[in-house]
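User: I would like a close look at one part of this model, taken residue by residue. Please keep the answer connected and state the cut-offs behind the terms.

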Amino acid sequence: MLGDVSQILTASKAHISNASLKTHDDLSAILQMSIQIESTSQLSSILARISHLPNIVEVKRKV
């Protein structure tokens with residue numbers, strides 16, 4: 001999952017400033033990232049692309 005998300009961010013020219021991945025016994029995981037972007041439209045595109053990855057349940061912006 002981390003690799004797939006990183007590839008999307010790299011292709012979108014977004015920079016990761018912080019990341020944490022917490023795994024659970026049921027094989028689920030929560031990935032939290034702080035990224036540097038240029039615009040809200042860039043963020044919308046990134047979130048849409050990540051949401052289409054297999055096994056992704058939810059993608060959202062934390063405010």
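Not counting residues up to four places away in sequence, which residues does Gln42 touch?

Analyst: This is a predicted model, in which local features need pLDDT of at least 70 and side-chain atom pairs count only at pLDDT 80 or more, while totals for chains, interfaces and linings use all residues. Residues are numbered from 1 along each chain as its sequence is written, and side-chain values use heavy atoms, with hydrogens and water left out.

With residues up to four places away in sequence set aside, Gln42 touches Ser12, Lys13, Ala14 and Ile37 (contact means heavy atoms within 4.5 Å). Gln42 itself is found in helix α2 (helices are DSSP runs of H or I with at least four residues, strands are E runs of at least two, and both are numbered from the N terminus). At 13% relative accessibility, Gln42 counts as buried (buried is under 20% relative accessible area, exposed is over 50% and partly exposed is in between, with a 1.4 Å probe and protein chains only).

Two of these partners, Ser12 and Lys13, deserve a separate look. Ser12 lies in the loop between α1 and β1 and is buried, with a relative accessible area of 15%. Leaving aside neighbours within four places in sequence, Ser12 is in contact with Gln42, Ile46 and Arg49. Lys13 lies in that loop between α1 and β1 as well, but at 62% relative accessibility Lys13 counts as exposed. Just after α1, Lys13 takes a positive phi of about 60°, although Lys13 is not a glycine. Most residues other than glycine have a negative phi. Leu27, in the loop between β1 and β2, also has a positive phi, of about 75°, and is not a glycine. Leu27 counts as exposed at 81% relative accessibility.

The axes of α1 (residues 2-11) and α2 (residues 40-51) come within 10 Å and cross at roughly 150° (axes are lines fitted to C-alpha atoms over the stretch in contact, and angles run from 0 to 180 degrees between N-to-C directions). The helices α1 and α2 are therefore roughly antiparallel to each other (the term covers angles over 145 degrees). In the pair, Val5, Ile8, Leu9 and Ala11 of α1 meet Ile46, Arg49 and Ile50 of α2. By class, that contact of α1 with α2 has six nonpolar residues, no polar ones and one charged (Ala, Val, Leu, Ile, Met, Phe, Trp, Tyr, Cys and Pro are nonpolar; Asp, Glu, Lys and Arg are charged; the others, Gly among them, are polar).

Val5, Ile8 and Leu9 in α1 are buried. Seen down the axis of α1, its buried residues fall within an arc of 95°, so they line one face of the helix (the arc is that of the directions from the helix axis to the C-beta atoms). These buried residues pack against β1 (15-23), β2 (29-36) and α2. The face of α1 turned away from the buried side carries Gln7, Thr10 and Ala11, which are exposed.

One further residue relates Thr10 to the end of the description. Val63 lies in the segment after α2 and is exposed, with a relative accessible area of 94%. The C-alpha atoms of Val63 and Thr10 are separated by 22 Å, and the two residues are 53 residues apart along the chain.

Conventions:
Parallel < 35°, antiparallel > 145°, perpendicular 65-115°, else oblique.
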